[in-house]
Amino acid sequence: MEQKRKAGKGSAILCVLGAGLLWGCMGLMVRNMNRIGLGSMEIAFCRSVVTFAVMLAGMLVFRRKGLRIRIRDLWCFVGTGLLSVAFFNICYFSCMRYTSLSTAAILLYTAPAFVMVLSHFLFREKFTVQKCIALVLAFAGCVLVSGGFGAGSIGVMGILTGIGAGFGYALYSIFGRFAIQRGYDSYTITTYTFLFAALGTLPFVKLSYLYECFAADGCMLLFGIGISIAVTVVPYLLYTKGLTGIENGKASIIASIEPVMATVIGVLVFREPMTVMGTMGMILVLASTVICSL
């Protein structure tokens with residue numbers, strides 16, 4: 001029995017780790033879509049629509065019963081989709097307008113702290129020395145990987161939108177856990193999450209402009225669908241699956257591997273320079289992941 005429990009935990013850790021690594025490849029999607037004129041909010045909307053469409057098609061063919069949800073549980077999916085994914089995107093992209101990209105990324109990674117605090121009160125997850133050390137290492141590593149706080153004043157709006165992004169990012173673990181406790185699997189949760197995420201980001205995009213961008217470059221439409229599956233559909237399925245085997249706080253810290261992968265992609269694909277600070281940050285994030293996995 002103990003061996004089975006350990007195997008299940010190991011599988012959950014690998015799922016969350018895989019999700020973080022795939023999320024770190026997001027730059028491949030963003031940079032290529034920026035080239036045809038799409039902004040951050042349009043990309044967020046496209047990700048949500050493609051993810052919902054792919055999940056819906058798969059569910060209709062292979063898991064039709066999984067589309068059935070109880071009306072009284074609808075709030076769980078409003079939470080993961082509207083209050084988490086959509087709210088996180090709106091805050092994060094707003095934060096980028098008020099401050100530097102590195103500062104926005106650092107404020108985003110306040111998310112594990114929110115997850116730990118909320119999970120303590122909502123799910124009775126314990127604050128342990130192990131988790132606190134891992135949290136500090138992960139945050140310090142994200143600061144270093146992101147290049148530290150950018151020059152100039154951050155400003156009140158920059159801080160508020162950045163922390164809002166971190167809070168929204170954290171809410172997926174919270175509402176996802178509630179949905180899991182009510183018997184829903186990662187496929188159902190991901191499908192309805194991105195239905196509400198698409199509805200939440202719809203007011204911020206101009207559909208006619210999206211059509212013009214993709215009509216001018218049909219290959220980019222195919223690329224966008226493919227990369228959305230790789231960096232959105234698969235990692236959200238993996239992360240949600242991982243939540244069934246490990247605590248929210250640990251899952252959130254392990255997923256902090258995302259900026260490390262983003263840095264590696266930047267170096268290997270976009271020929272961005274690797275700094276000593278970035279290397280130290282990667283080591284700290286990896287150390288936090290190891291501590292959570294022990």
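Guide: A salt bridge is a side-chain nitrogen of Lys or Arg within 4 Å of a carboxyl oxygen of Asp or Glu. The model is predicted: local features need pLDDT of at least 70, side-chain atom pairs count only at pLDDT 80 or more, and totals for chains, interfaces and linings use all residues. Residues are numbered from 1 along each chain as its sequence is written, and side-chain values use heavy atoms, with hydrogens and water left out.

Visitor: How many salt bridges does this rule give?
Guide: Side chains of opposite charge can pair when their charged atoms come close. By the rule, the count of salt bridges is 5.

Visitor: How far apart in sequence are the parts that Asp-185 and Arg-63 tie together?
Guide: Asp-185 sits in the loop between helix H8 (156-181) and H9, while Arg-63 sits in the loop between helix H3 (40-62) and helix H4 (74-98). Helices are DSSP runs (H or I, at least four residues), numbered from the N terminus. The pair therefore joins parts whose separation in sequence is 122 residues.

Visitor: Are Asp-185 and Arg-63 buried, exposed or in between?
Guide: Buried means under 20% relative accessible area, exposed over 50%, and partly exposed in between (1.4 Å probe, protein chains only). Asp-185 has 25%. Arg-63 has 35%. Asp-185 is therefore partly exposed, and Arg-63 likewise counts as partly exposed.

Visitor: Where does the Lys-131 and Glu-247 pair make its link, and how many residues apart are the two parts?
Guide: Lys-131 and Glu-247 form a salt bridge. Lys-131 belongs to helix H7 (residues 129-145), and Glu-247 to the loop between H11 and helix H12 (248-254). The pair therefore ties together parts whose distance along the sequence is 116 residues.

Visitor: Which residues are linked in a network of salt bridges?
Guide: Start with Asp-73 and Arg-70, whose closest N and O atoms are 2.8 Å apart. Asp-73 is buried at 3% relative accessible area, whereas Arg-70 is partly exposed at 33%. The network is made of Arg-70, Asp-73 and Arg-182.

Visitor: How are H9 and H11 oriented to each other?
Guide: Two packed helices are described by the angle between their axes and the distance between the axes. Helix H9 (residues 186-201) and helix H11 (residues 218-242) pack at about 130 degrees, with axes 9 Å apart. Angles under 35 degrees count as roughly parallel, over 145 as roughly antiparallel, 65 to 115 as roughly perpendicular and the rest as oblique. H9 and H11 are therefore oblique.

Visitor: What is the make-up by class of the contact of H9 with H11?
Guide: Contact means heavy atoms within 4.5 Å. H9 contributes Ser-186, Tyr-187, Ile-189, Thr-190 and Phe-194, and H11 contributes Thr-232, Tyr-236, Leu-237, Thr-240 and Lys-241. Ala, Val, Leu, Ile, Met, Phe, Trp, Tyr, Cys and Pro count as nonpolar, Asp, Glu, Lys and Arg as charged, and the others, Gly among them, as polar. The contact of H9 with H11 has 5 nonpolar, 4 polar and 1 charged residues.

Visitor: Are H3 and H4 roughly parallel or roughly antiparallel?
Guide: The axes of H3 and H4 come within 10 Å. They cross at roughly 160 degrees. H3 and H4 are therefore roughly antiparallel.

Visitor: Which residues does Asn-89 touch, not counting residues up to four places away in sequence?
Guide: Asn-89 lies in helix H4. At 3% relative accessibility, Asn-89 is buried. In the meeting of H3 with H4, Asn-89 is joined on the H4 side by Ile-90 and Phe-93. Asn-89 touches Met-41, Ala-44 and Arg-47.

Visitor: What is the phi of Arg-124?
Guide: Arg-124 is in the loop between helix H6 (111-123) and H7. Its relative accessible area is 65%, so Arg-124 is exposed. Arg-124 is not a glycine, yet its phi is positive, at about 60 degrees.

Visitor: What is the phi of Arg-271?
Guide: Arg-271 lies in the loop between helix H13 (258-268) and helix H14 (276-293). Arg-271 counts as exposed, at 69% relative accessibility. Its phi is positive in a residue other than glycine, near 55 degrees.

Definitions and conventions
Axes fitted to C-alpha atoms, helices over the stretch in contact; angles between N-to-C directions.
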